[in-house]
Amino acid sequence: YPLALDSELQKAVLVTLKRGQESLSGVKDAAAVVVENATGKIRSCVGTLNFADPVDGAVNAAIAWRSPGSALKPFIYGEAIYGGMIVAETKLKDEKLLFDDYRPGNFDGAFRGEVPAQEALADSLNTPAVRLLQKVGVQRVLDLLNRQRLLRPGVVRQKERLGLSLAIGGTESNLVALTRTYARLASAPEGNPWLEDVGEGRETQELWTPGVREMLLKMLRHRPIPGGGGLEAAWKTGTSNSNR
């Protein structure tokens with residue numbers, strides 16, 4: 001990975017993670033990756049809070065493959081914007097869904113009827129995202145995610161197993177890959193090292209157009225980030241199994 005580690009930033013990130021861990025019940029470990037948007041270089045990477053721990057300390061959680069939860073939803077919405085299917089104000093249905101034995105619901109168990117796309121994404125509603133993925137197409141989104149190197153190698157061949165669960169974390173990614181691609185949402189600069197030396201026969205591709213990215217970023221800024229002190233930032237949660 002292209003690195004430009006900043007020792008002072010590394011210390012600050014570690015302190016912040018430990019404070020967060022101490023304030024949350026049941027949290028034993030944490031990880032963080034900070035990428036410089038303009039260059040794509042990693043400025044800070046913390047894979048565990050305690051390297052001496054015989055179990056947790058043996059795993060670098062920044063590169064471990066795990067469910068991304070809802071962190072992939074922006075790429076479904078972005079592909080829908082790119083395809084001319086929605087804009088930020090397009091009304092999407094947030095209603096009960098039944099697909100044989102697959103019945104996705106929202107985190108709070110409630111449904112809101114019709115909601116603008118930017119609210120559906122900002123509030124991370126599940127049923128609008130699943131409906132949108134069905135409209136865009138699972139294979140199309142899988143191809144996009146694979147081109148961005150967001151998925152574990154081989155996942156793109158598992159379309160039938162994943163199906164619409166892709167919208168709410170039914171695949172595997174890692175924190176470095178997610179952070180790198182989110183940074184490309186912000187800038188996608190020419191010469192970004194993440195666009196080079198892809199390997200494994202994968203092609204590189206710019207992430208949509210500047211207009212599509214700006215609309216998506218506006219949607220991700222729709223809600224203020226909790227505890228952010230009013231900072232205007234594009235952000236997205238990604239809750240995986242067991243509410244982690």
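This is a predicted model: local features need pLDDT of at least 70, side-chain atom pairs count only at pLDDT 80 or more; totals for chains, interfaces and linings use all residues.
1. Aromatic pairs. A search of the whole structure turns up two aromatic pairs. In one of them, Phe75 and Tyr182, the ring centres are 5.7 Å apart and the planes stand at 90°; planes over 60 degrees apart count as edge-to-face, so this pair is edge-to-face.

2. Surroundings of Phe75. Buried means under 20% relative accessible area, and Phe75 has 0%, so Phe75 is buried. Phe75 also belongs to an aromatic cluster, together with Tyr182 and Trp208.

3. Strands 1 and 2. Strand 1 (residues 32–35) and strand 2 (residues 42–46) run antiparallel and are joined by four bridges. Val34 has Ser44 in strand 2 as its bridge partner. The hairpin made by strand 1 and strand 2 has six residues between the strands, and Gly40 in this hairpin takes a positive phi near 80°.

4. Salt bridge Glu36 to Arg43. The count for the model is nine salt bridges. One of them joins Glu36 and Arg43, whose closest N and O atoms are 3.0 Å apart. Glu36 has a relative accessible area of 28%, between the cut-offs of 20% and 50%, and is therefore partly exposed. Arg43, with a relative accessible area of 23%, is partly exposed. Glu36 and Arg43 are also linked with Asp6 in a network of salt bridges.

5. Salt bridge Asp123 to Arg223. Here the closest N and O atoms are 2.8 Å apart. Asp123 is partly exposed, at a relative accessible area of 33%. Arg223 counts as partly exposed, at 29% relative accessibility.

6. Salt bridge Lys11 to Glu8. Lys11 forms a salt bridge with Glu8, and the closest N and O atoms are 3.7 Å apart. Both residues lie in helix 1 (residues 7–23), where they are three residues apart, about one turn of the helix. Lys11 and Glu8 are both exposed.

Definitions and conventions
Residues are numbered from 1 along each chain as its sequence is written. Side-chain values use heavy atoms; hydrogens and water are left out. Rings of Phe, Tyr and Trp (its six-membered ring) pair if their centres lie within 6.5 Å; planes under 30 degrees apart count as stacked, over 60 as edge-to-face and the rest as tilted. Buried means under 20% relative accessible area, exposed over 50%, partly exposed in between (1.4 Å probe, protein chains only). Two strands pair if DSSP finds at least two bridges between them. Helices (H or I, at least four residues) and strands (E, at least two) are DSSP runs, numbered from the N terminus. A salt bridge is a side-chain nitrogen of Lys or Arg within 4 Å of a carboxyl oxygen of Asp or Glu.
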